[in-house]
Amino acid sequence: MRTDTGQVFRLEDYRPNDYLIPQTSLTFRLSPEATRVTAVLTIERRDGVAASAPLVLDGDGLTLLRVAIDGRDLAPADFLATPDLLTIVKPLAASRFQLVLETELAPARNEALMGLYRSSNVYCTQCEAEGFRRITYFLDRPDILSVYTVRIEAPRHEAPLLLSNGNPAGSGDLDEGWHYAVWHDPFPKPSYLFALVAGALGKLADSFTTMSGREVELGIYVEPGKEKLAGYAMDALKRSMRWDEEAFGREYDLDVFNIVAVSDFNMGAMENKGLNIFNDKYVLADEETATDADFANIEAIIAHEYFHNWTGNRITCRDWFQLCLKEGLTVFRDHEFSADQRSRAVKRIAEVRTLRAHQFPEDQGPLAHPVRPRRYREINNFYTATVYEKGSEVVRMIRTIVGAETFRAGMDLYFERHDGHAATIEDFIKVFEDVSGRDLSQFSLWYHQAGTPNLTISSTHSPASGEFTLEIEQSVPPTPSESRKRLMHIPLAFGLVGVDGKPVAYRGFEGASVENGVIHIRKRRHMVRFSGVAERPSLSLNRGFSAPVTLSVEQKADDQFFLAGHDSDAFSRWQAFNTLLTDALIAAFRQILGGEQPGFAARLTGLAGKIAGDETLEPAYRALALALPGEADIARDLGKNIDPDAIFEGREALARAIAGANREMFSELYDRLVDTDAFSPDAASAGRRALRNILLDYLSLLPKGAALAAWHFQSATNMTDRAAALTVLALRHSGSPEAVKALADFEAKYARDALVMDKWFQIQASVPGPRTVEAVRVLTGHPAFSMANPNRVRSLIGTFASANQTGFHRADGEGYRFFAETVLQVEKRNPQVAARLATALRSWRSLEPGRQAKAREALLSIANAENLSADLRDIVERTLA
Ligand code: 0A1
Ligand code: ZN
């Protein structure tokens, strides 16, 4: 485990290295306890660098067996080797030479899952961000691009399959039942994109003909016997390849494209050149084992990793501060792909919900950082919602500002200018300035300044003069180490909606630039005056969520009700109803704290029924509208003095009120939505299931609700319906005979399917109330659970800490104590996973004082533990700062 050195890396310190590594040749002789790695590196001193400049290579916990230059072993005095650094002291007369390094690794003992490790007897690698240095000493930084040739040797019976990046370049037999394979990747790449896989795996094979007519062999490798479960992933891959050609003109560039699914993986997946490695959760699916949400995630992640081939691999990042250059852009691309494959409106709403649930709290808490950070202690902790999701929103805003066509021209220029290079955010912004002729310098603050901007907006209408005036004021709250903020360029899409629901025409405007339905806010205050507006319109703001901001708008409930029924922008229509629900939930919270019973307006519960039954709307959209804001969403909107129990109570009361007011209609619709067709994972079918399942959730609150849910569970013919019913039983009817039986049946049926058991853990970790912490503690001893597997840990511990407000934030602090203990246990094996878990307490300061003190104690108990990893120390100290 890499313990903390306290070193801080700063963007302004970036310097190119004195040396380059144009060619890398690696030989692996695989063995679980003693793998030999021979690296032959062609090293070049850059022009103008003195011959005396030392060559300093990164390592991480390495054992060095041999070091030679141009065929001659170095004498001990010629180099300095520690497990984490290799410095060649010997003066290097030649400006180009060959460095040979031999290291020995124990992949079977690598529980951090970085570098070369074993997952269910399969050798695999994870090198982003700095895992390559756990394999050999190297200039392990993304601006060192090298052409790799890789030779893998292993016993044939243990590892019949030997894969690496690029194209196959030879294979054959060796003595004593060993064999080898050689791979060559012609595209220069940084070390973080290196990958190797060796083992016994099953293959699903297919092929794809690119736009220029080249045939690419596709392979998805999975645990033997599970090949069929990769069918949906393969289909998603082919659709992704076609879409990237059509939407961005990007063609695949190697002869083969391979994906390998492994069971032990720190993240979702990894875009290694030509050899993507996936968490098996995002590959394996069929109707019996995967939910519609799983199918949608598989489609999105397969696409995301594939799209990295151009945005990340062909054009990579100069340094890790530029992470959003590949991640924000690639998320934007996968969002657009899913929007094209499914329903654009539904996809956009789901994206915004995710952004608000994950990125907004990050931006509003102690871990806030700019989309392009300026400093870090541990880069692994910057694979965040800000870099990914807000990074994607920033790209979306660029498209809004320059227009779709110019955006595409900018992307073409980006590929043309930077292909084969390691680029920066400045390079990216520049292409759009060049193609559009616009100055994006103020806009670029979105990359450099942390925090969620707020817009305060009020409107007045004068019937006499026919003027409709918007008063808009922007502010960006202070964030850690950025107390003063500069004014941002915020593209705010809007609509003036007339009483007939149609757009209200205006003659002219002044006070800001308004183009194509977008107000460009650049100053602190704008008075935007529209003339020729006879009647007061309803104001639809931030249409399509054009900017990732919060709004404080003085708007009458009447207007919100009107927009919730009539806004022509589907996102804003959803938003209007969601705002009404949020306002009602906040009022309920206050009533409960004041000792009152919460009450809800009949027109609100009635509108829920209207939306549910509106056949002009897609079922998936209706399902999203009916999903009440989550407890964490309400907490975020409240901002301080959070009492999760009162939030929970208010939310339950609203759900009951909606169910009570619409019981007949919901029940009829629920019956009508039964699907008798064969299962299909397509978006329309999934939407119908989503609507039916949310109706079940409401109906389960009415008399005989548990029996209905139990029937739904038993009659389910797919995992989406089965898991939805189990969730309703476990969460709404916890401890009931129906819930107990369903949980037991589910366990008996899927005991041997780890990914399905994750759902079982997840559901039980979500049960609201004070008893869950004990249940979760007991479940850590379940035979299907393992502290060493990231998926198991995230399902049980991660869900409990991040998605169970009343359970985790138990008033006596027991949830926090259990959490601190568990984070430290996980950390011993896997610091990265522990650090991510620990972010569950990032919003501790918004809790009411009693819980706040207990959360702080738990954080301190982690901070005070001995030998903390760099990963965990970084998170905990920033959280407490
Ligand atoms: N680049 C990957 C994410 C990723 C990052 C770090 C990892 O190491 C543990 C693994 C994956 C992506 O964006 O999909
Ligand atoms: Zn990515």
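A cis peptide bond, with omega about -5°, joins Glu128 to Ala129. That deserves a mention because most peptide bonds are trans.

Some ground rules come next. Residues are numbered from 1 along each chain as its sequence is written, while chains are lettered from A and ligands numbered from 1 in the order in which they are written. This is a predicted model, in which local features need pLDDT of at least 70, side-chain atom pairs count only at pLDDT 80 or more, and totals for chains, interfaces and linings use all residues.

On confidence, the mean pLDDT of the chain is 98, and 100% of its residues reach 70 or more; pLDDT is the predictor's confidence in each residue, from 0 to 100. The model also scores ipTM 0.99 and pTM 0.99.

Taken as a whole, the chain has 27 helices and 33 strands. Its C-alpha trace spans about 90 × 65 × 60 Å along the principal axes. A compact globule with 881 residues would have a radius of gyration near 29 Å, and the chain's 28 Å agrees with that; the radius is taken over C-alpha atoms, and the globule rule is 2.2 Å times the number of residues to the power 0.38. Buried residues make up 51% of the 881 residues. Here a residue is buried if 20 or more other C-beta atoms lie within 10 Å of its own, exposed if 12 or fewer, and partly exposed in between, with C-beta atoms placed from the backbone. Of the contacts with a separation of 6 or more, 70% come from residues 24 or more positions apart; two residues are in contact if their C-beta atoms, placed from the backbone, lie within 7 Å.

An unreviewed entry lists residues 98-193 as "domain: Aminopeptidase N-like N-terminal". That span is 0% helix and 53% strand, and its end C-alpha atoms lie 22 Å apart. For residues 558-881, UniProt lists "domain: Peptidase M1 alanyl aminopeptidase C-terminal" (unreviewed entry). Here the picture is 72% helix and 0% strand, and the end C-alpha atoms lie 44 Å apart.

Now to ligand 1. Of the 13 residues around it, Gln126, Glu128, Asn266, Met267 and Met270 come nearest, where being near means having a C-beta atom, placed from the backbone, within 6 Å. Strand S20 (269-270) and helix H2 (292-307) are the elements that give two or more residues to this shell. The shell divides into 4 nonpolar, 5 polar and 4 charged residues; Ala, Val, Leu, Ile, Met, Phe, Trp, Tyr, Cys and Pro count as nonpolar, Asp, Glu, Lys and Arg as charged, and the others, Gly among them, as polar.

In helix H25 (residues 831-838), 8 of the 8 residues are buried, so the helix is largely enclosed by the rest of the structure. Its buried residues pack against helix H22 (790-803), helix H24 (814-829), helix H26 (849-863) and helix H27 (870-880). Helix H13 (residues 631-638) is mostly covered, with 6 of its 8 residues buried. Those are Glu631, Ala632, Asp633, Ile634, Ala635 and Arg636, and their cover includes helix H4 (344-363), helix H10 (570-593), helix H14 (644-661) and helix H23 (805-808). Just after H13, Gly639 takes a positive phi of about 85°.

Positive phi turns up at non-glycine residues too. Ser481 has a phi of about 60° and is found in the loop between strand S26 (467-475) and strand S27 (490-497). With 11 C-beta neighbours inside 10 Å, Ser481 counts as exposed. Asn867 has a positive phi of about 55°, and its place is in the loop between H26 and H27. Asn867 is exposed as well, with 10 other C-beta atoms within 10 Å.

Conventions:
Helix = DSSP H or I, 4+ residues; strand = E, 2+ residues; numbered from the N terminus. UniProt positions renumbered as here; feature names shortened; annotations may be inferred.
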